[in-house]
Amino acid sequence: MQLVSIIIPVYNHFKELVFLLDSLKKQTYKNIECIIIDDSTDVPPFFDDIKDCLKNVDFNFVYKRVPHGDAAVARNYGAKMSKGEYLLFADADII
């Protein structure tokens, strides 16, 4: 099975990110890595919820805070970090 990298840029959409992560945990295809690039301007109020969502998953999650830019910068940063043969971009605020 080929590795799929899911890249999620996040800017102050933490509540929505929790729902997205919960959905990803339910996927049947398990050869994925999920790369969350967070360029929010403050510490997320839902950070503990995010950490809880990342526990006990069958695939690799990477969470990286970076200086604030825009979504394209965050996507490119995640793409450079990815190890997958396929890239999937998912926005946390679209659910």
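## Confidence and salt bridges

Begin by colouring this predicted model by pLDDT, and compare two elements: helix 2, at residues 47–53, has the lowest mean pLDDT among the elements of the protein, at 70, while strand 4 has the highest, at 95. Taken as a whole, the protein averages a pLDDT of 83, and 91% of the residues score at least 70. Where pLDDT is low, the predicted coordinates should not be read in detail.

Now turn to the charged side chains. How many salt bridges does the count come to? The count comes to three salt bridges, and the next stops visit them in turn.

**First stop.** Select Lys-26 and Asp-22, and show their side chains, which meet in a salt bridge with an N to O distance of 3.3 Å. Lys-26 has a relative accessible area of 62% and is exposed, because the exposed class begins over 50%. Asp-22, its partner in the salt bridge, has a relative accessibility of 31% and counts as partly exposed.

**Second stop.** Select Arg-65 and Asp-38, whose side chains meet in a salt bridge at 3.1 Å, N to O. This pair links distant parts of the chain, since Arg-65 belongs to strand 3 (residues 60–65) and Asp-38 to strand 2 (residues 32–38), with the two 27 residues apart. Is Asp-38 buried or exposed? Its relative accessibility is 0%, so Asp-38 counts as buried, the cut-off for that class being under 20%. Arg-65, by contrast, is partly exposed, with a relative accessible area of 38%. If your viewer draws polar contacts, look here again, for the side chain of Asp-38 also makes a polar contact with the side chain of Arg-65, at 3.1 Å.

**Third stop.** Select Arg-75 and Asp-91, which form a salt bridge whose closest N and O atoms are 2.9 Å apart. Here too the pair links distant parts of the chain: Arg-75 sits in helix 3 (residues 71–81), whereas Asp-91 is found in the segment after strand 4 (86–89), and the two are 16 residues apart.

To finish, return to Asp-38 in strand 2, and keep its side chain in view together with that of Arg-65, the partner with which Asp-38 forms its salt bridge.

Methods
Residues are numbered from 1 along each chain as its sequence is written. This is a predicted model: local features need pLDDT of at least 70, side-chain atom pairs count only at pLDDT 80 or more; totals for chains, interfaces and linings use all residues. Side-chain values use heavy atoms; hydrogens and water are left out. A salt bridge is a side-chain nitrogen of Lys or Arg within 4 Å of a carboxyl oxygen of Asp or Glu. Buried means under 20% relative accessible area, exposed over 50%, partly exposed in between (1.4 Å probe, protein chains only). Helices (H or I, at least four residues) and strands (E, at least two) are DSSP runs, numbered from the N terminus. pLDDT is the predictor's confidence in each residue, from 0 to 100. A polar contact is a pair of N or O atoms within 3.5 Å; within protein, one must be able to donate a hydrogen and the other to accept it, and residues adjacent in sequence count only if both atoms are side-chain atoms.
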